Every structure is written in structure tokens, then in C-alpha cells.
Amino acid sequence: MMKRKLFASLSMSVLLAGGILAGCGGSDSDNGASSEASGEKTTITLAGWGGNPTEQDLLNETLADFEEKNPDIDVKLEVIADQYMDVIKTRLIGGEGPDVFYLDAFEAPALIETGVLEPLDQYVTDEFDIEDFEKPMLEAFQQDGTTFGFPKDYSTLALFYNTKLFAEAGVEVPTTWDEFREVSKALTKDGVYGFGAAPELARLYYIAESMGGKVVDDNMASFGSEEVVQALQPFIDQHNIDKTSAQPSEVGASWGGDMFGQQRAAMVIEGNWNIPYLEETFPELEYATAEVPTINGEKGTMAFTVSYVMNAASEKKEASWRLIEYLTGKEGMETWTSKGFALPTRKSVAESLGYADDELRGPIVAGAEYATVWSNGTNLPTIMNNFNNQFVSAFLGDRPLDEALKEAEEQANSEISANQ
Amino acid sequence: MNRKYSAKALKEAGQGYFFMSPTLFVLLLFILGPILYAIFLSFHDVRLLGETAYNFVGFSNYERVFEDQRASIAIWNTFKYVIIVVPCQTALAIFLAATLNAGLKGEKFFRIIYFLPTLTSSAVLTLIFMWMYNREGLVNFGLETLGLPTYNFMGDPNIALAAIMIMNIWATAPFFMVIYLAALQDIPDSLYEAAELDGAGPIRKFFSITLPHIKPITSFVVIMGIIGTFQLFDQSYIFSGGSGGPDNSTLTVVLLIYQYAFKTMDTMGYAAALAFILAIVILVGTLLQRKLSKEENLY
């Protein structure tokens, strides 16, 4: 009797424990199953964040083309919906990282330094033609002469202006920052602001450095310097003295494009992503684009770029490289950028697609030449976080700019040195 | 005889543990293990990405808390939040429970209505409130109609935390209300009748009978409130998009831990130290609260 009871309890526990373990074990089996050597299909995983549906279709189309040309490779696309870098880092730590994944230039230096990315120079052939890439974009993914990723696309910032509001106010498109402030004054009325401002470092970096100061110096924050404060002061003054600019939250909009589309701002400085957004959400809006106004006679803007990188721990490096080679190659890039959601980083592709002559995209393409790429050393995320946090209080007029930036700089640098 | 008994007891105990083994296994693996690992991490300089490395650094992660300006801002924000939210939500919970217990018409209907915010997930609730707090949203519309000043709730560093406080008081109070309601219904009617005979009014009855009788429940509610509010994360995370802004005004300790653990690289050890300190603070707060309101058995 006792024995039977014992047996029952034993089997019960095993069953329960088994059920728990089964949940964890599932993923192992499909990893082992795909073998590269045996002539079967190699499955590689590609991870990225999701774009809008049209963009997603384009990517699927590009991948289908690739699979057709490489019948022995099967690409599994994984879309990470939110907190992309957190997910990628966690998966890399756990040894479950994707073979190929997107990487923003802003995050690149820090990730390269950890050694989790595969250097790609050894795979590159002459046919791939590295020289064809826009140099500043490529450089964002290089460290000490080694390339860790090839940029898939980019966007710079350009001035978007509402043509109807401009006609009503009877003003011309500003070409210098001084004109810009004057025009803003004429445009501000009846709840419409001249300029929809984004008080964050990613959008202000080129302005901050326009007077010769440096935001990041030797991988440390140095945006508290007098030159940087001077360069940013007009941006603050426009909000607090002229009262001709506002950030999106002040008019209940979620971001610059939204504010522009709702006609609460006559001008915004946004990137290529704004064009399809406005087309879909505000099809009636009459607007045009121009290059960002010059500061002290110098042209400037920001460039944002994303590349494909390879996981150094990948077991299918050959196949992974073939995927990267295709996606950032002339053919793949042309398909991917064909609808203008993203701009090609290859000069030859840009030429054949003719975006430089496009009415709306022309100024964005023109910016590539003189743009500051949003990427600078391993500590930029920390520097940005501290800058953004305190810059807002100066922007809102709660405290003087120099004081806010000095304090933010100190905090950023103390965080950086504590990490080393 | 004695030996036989102990053998049987042993067998029984063994069987008992056997039955518990799945639960014990889960507890060890998912609760106790991570706690010990976090303590281990907090004494090390941890590098997880790339080549994993643990360097023993003693208490330096803990010392760093005192030099870190953002940590002191986060602690101060969290402290403000606890001090304001816990008393407010407790008082509101008692008030709601008392009105529902007064025997008014439509009591059951209101009980459901009051309880709804607690059933809504906090993420959804935050998003809804963000719409209402929008510069041109419902709240500002209401304030404007009443001729009161309007605010940029999400963009103004002086107001953002208060906006989260209001939202949380509104969302958490009904949960504690239900607990109070159960306690109120346990108070014998005879006490109230006796008080009435002695000529006590409703206010006197509330303060002299109701409040003392629900004191143990209040103690429980306050402790749960302290624990919950110290751990504020999701609301301020969604509100600020993970940055703790504007101007660090919605930065809470748990949000800071999250930032150090996942956003900045190689600061996992420091994040673990912060988490451990937070656990100790909550423990001390709870013990203090228990000490201050000694549970007395009323019956």
C-alpha cells in the first residue's frame, strides 16, 4: 500500500517537473537540427526592428530575391517590436543572438568594443566595391581601420516648411539661421508656431558644434564649454524670448512630424521618415523641403544611419556574409531603397534611383555631403541622456543654459569615469 | 516503538518534501537563485557582453551610490512619491469603502465601477492618462472651462511627477478599498447600536469604532502601499519613454536600476547594488511602520 503511494507521488513529481523543463528545452532542438555542411538548406536569422507595412514588404521582397539567388540559404526574419537594443544585447549575452542584425550607428562603437561583432574585412571582395559607400556613413561602423558593418541606408535632416502658411505670411524660405528666426516671427500666430523644435542632442549636435566647441571630446562630455553654450543659446532664445518655437508636447503633438502635419508648426527639421508619414497621415498638407539653414555661413545637418552587422558567435558565417553582401550590395540596396523610405548609402545606387533630383528628397540627399553622423565614441548614450534631461529645463526657461549644461556635463563625466 | 515512530515520521516527511519538490525546485531556481546572484553581482564589476568577466570590487558599487547625482535625484523622487501617495491612497480607500458600506442605493453597481481602474493594466492606464494629460487633452480642457490655469503635464519638470502621483492614487485606491470593505463588514452592528444609544453621531462613530477596528487592515494596506510605491517603474517608464525626463523629474529608483542594467553597458553590478539598497530601504520602511502601529488584537 505504502509503496504504491510512494510510486504515485514519485511519478506525479516527475511529471510536474518534466512539464516545467519541457518549456525551456524547446529551442535547443531546432538549433542543432540545421547543419551547414550536409547540403541541406542553411537557415540564418536576421533581426531588425519593424517599419511600416510597405517598408516590411520591401524587405521581404529583397529577402525573397536573395533566397531565389541562393537556394541553399533560408533567411528567417525576426522583427523585434520594441526595445530593440535591450533584446539584442540580452540575446547576445545568452548566446542566442541572431546571425545578422540591424545596428544603429549611435550604438555601434560600444557594441564593437565588446567584441561581439564579426570583423567583415576578410569577406569583402573587389566586386563588392567598398569605395562606392558614402564615406562618413561607413566610418561610423569602423574602428581602427576594421569594418564591422555596412550601412544599409541613411537619412539626414532637412527643413520641412508649410507652403500655404508661408504664402499667407508672405515670407521666403530661410537660408540662414538669422533669417530663420525672422521668418519664424512672421509665421507665429493663432496657435501656430514658426518652428517645431526638438530639444534633444540627436537633433542639435551640429548646431552645438557650429561655434567650434565640441560636444564629445576624447570620449568624454564637453558640451558645457562656452562655445557650445553660445551656439545653442539662439535655439533657447527663440523659444523663451521670441516665443516663436515650441516642442511637440507643448501643443499636444507626439513628435515633430505630427506637429507639422497638424499645422501647429510652420517649419520643422526632420528626416526622410517624415515624407511617407505625412503622405499617409496628412495627405492634404501642402509642404516642401529645403536644406537646413546655414549657421555662420556654414552648412550643417545630422545624418542617421543603420547597418547590417554579423554576430561573431554565429555558426553560419559564410551564409551570413552572403546575406549582408546581397543586402548592402548594389542590387539588394536598389530594391530596398526603391520606394524612397530609406536613402541608399551607395553612390551608384543613389545615382541610378535619382533621389538627388527628387523634389522632396533632394535637400535630404544634398545634406549627406556635410552632415554630422550621429555617432561618436562608446559613451555617447550616457552623454546624450544627461544632455537631453537638463537641456529641456533650459529650453523651458527654468534655468540658465550654461548652468544646466555645466551640471549635465559633470554628471555625464562622473558616470563615465565611474564605469571605467 | 520510538524508533518505529521516527522512521514513519521520516517517511512522511520525505513524502511531503517529495510532493513539494516541483515547487521547491521552482522557488530555488527562480526566486532564491536570482536573489543570491544579484547579491553576488552587486559586489562585482560585471561585464556580460563579449567576454564575460566578474571582477570583485568589494563595496565600491555601494559607495558609488553616494557620488551619483542621478541616484540621489531618483531616491528623492521616489521618497516624495511614497510620502504623498501612500497616505492619499489609504485615505481615499477608507473613504470609498465607508461610502459603499453606508447602505446607499446602487451599492453593488458602484462597487464594480470603483473597482474598474484596478482591473485595467497599468500600461494601458498610463497611455490613457497620457492622452488625457495631453496639452490639449481632457484634463486641460476641464481646467480651462473652470477658468483654472492649464499645464503641460508631460513636458514640465515641475508637474510630471505630480501627474503620475494623481494617476496612481486613482488607480490603486480601489484595490485597497475592497480590502477595507471586507473589514468594515466584519465590524459587529451591535457596537454601532450601542454607540447610538450613547448618543454618538456618524462622525464620532467613524472615528471611535470604525477606525480602531480596521487598524490591523490599515497597517497591512500601508505596508503594501509602501512596497508598491517604492517600486514605481512602469508608469514613469511609459510617461518619459524610459528616460526619466523631463529633467530627471520622473526618474525613480527602479527606473534608474533598469537604465543601469540594460541601457548603459557594463553597469550591471552597480544596478544590482542599487536594487539591493532599495530592498533594504523597503524592508526598513516596513519594519518601522509595523513598529509604529503595533498590531493589537481587538477581540
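Predicted model: local features only at pLDDT ≥ 70, side-chain atom pairs only at ≥ 80, totals over all residues.

Colleague: What makes residues 268-288 of chain B a "transmembrane region"?

Modeller: That name comes from UniProt, from an unreviewed entry. The record gives the feature to several spans of chain B, including 16-40, 214-233 and 268-288. Such annotations may be inferred rather than shown by experiment. For residues 214-233 of chain B, the model has 80% helix and 0% strand. The end C-alpha atoms of that span are 30 Å apart.

Colleague: How do you know which residues of chain B are in contact with chain A?

Modeller: The test is C-beta atoms within 7 Å. By that test, 35 residues of chain B are in contact with 34 residues of chain A. Helix 1 (2-42), helix 2 (60-67), helix 3 (69-101) and helix 12 (253-263) of chain B each give two or more residues to this side. Helix 1 of chain B gives the most, with seven residues.

Colleague: What classes of residue make up the side of chain B that touches chain A?

Modeller: There are twelve nonpolar, 13 polar and ten charged residues on that side of chain B.

Colleague: Now chain A. How many helices and strands are there?

Modeller: Chain A has 17 helices and 15 strands. Its C-alpha atoms fill a box of roughly 90 × 55 × 45 Å along the principal axes. Of its 420 residues, 47% count as buried.

Colleague: What are the domains of chain A?

Modeller: Domain 1 covers 39-154 + 304-373, and domain 2 covers 156-302 + 376-419. The C-alpha centres of these two domains of chain A lie 28 Å apart. Their contact takes 19 residues from domain 1 and 20 residues from domain 2.

Colleague: Which helices supply the side of domain 1 of chain A that touches domain 2 of chain A?

Modeller: Helix 4 (108-114) and helix 15 (362-367) of chain A each supply at least two residues. Helix 15 of chain A gives the most, with four residues. By class, this side of domain 1 has 14 nonpolar, three polar and two charged residues.

Colleague: Why are A:N274, A:I275 and A:L278 called buried?

Modeller: Buried means 20 or more other C-beta atoms within 10 Å of a residue's own. In helix 11 (residues 274-281) of chain A, these are the buried residues.

Colleague: Why do you say that the buried residues of helix 11 of chain A line one face?

Modeller: Look down the axis of helix 11 of chain A. The buried residues fall within an arc of 100°, so they line one face of the helix. The face turned away from them carries the exposed residues A:E279, A:E280 and A:T281. The cover over the buried residues of helix 11 includes strand 7 (158-162), helix 10 (256-261), strand 12 and strand 13 (287-290) of chain A.

Colleague: How do you know that strand 8 and strand 12 of chain A pair?

Modeller: Pairing needs at least two bridges. Strand 8 (residues 193-196) and strand 12 (residues 265-270) of chain A have three bridges, in the parallel sense, and therefore count as a pair. One partner pair is A:F195 with A:M267.

Colleague: In what sense does strand 8 of chain A pair with strand 11 of chain A?

Modeller: In the parallel sense, over two bridges. Here A:G196 stands opposite A:A246 in strand 11 of chain A.

Key
Residues numbered from 1 in each chain as written. Chains lettered and ligands numbered in written order. Domains from an automatic or database assignment. Contact = placed C-beta atoms within 7 Å. Nonpolar A, V, L, I, M, F, W, Y, C, P; charged D, E, K, R; others polar. Buried ≥ 20, exposed ≤ 12 C-beta atoms within 10 Å, placed from the backbone. Arc of directions from axis to C-beta.
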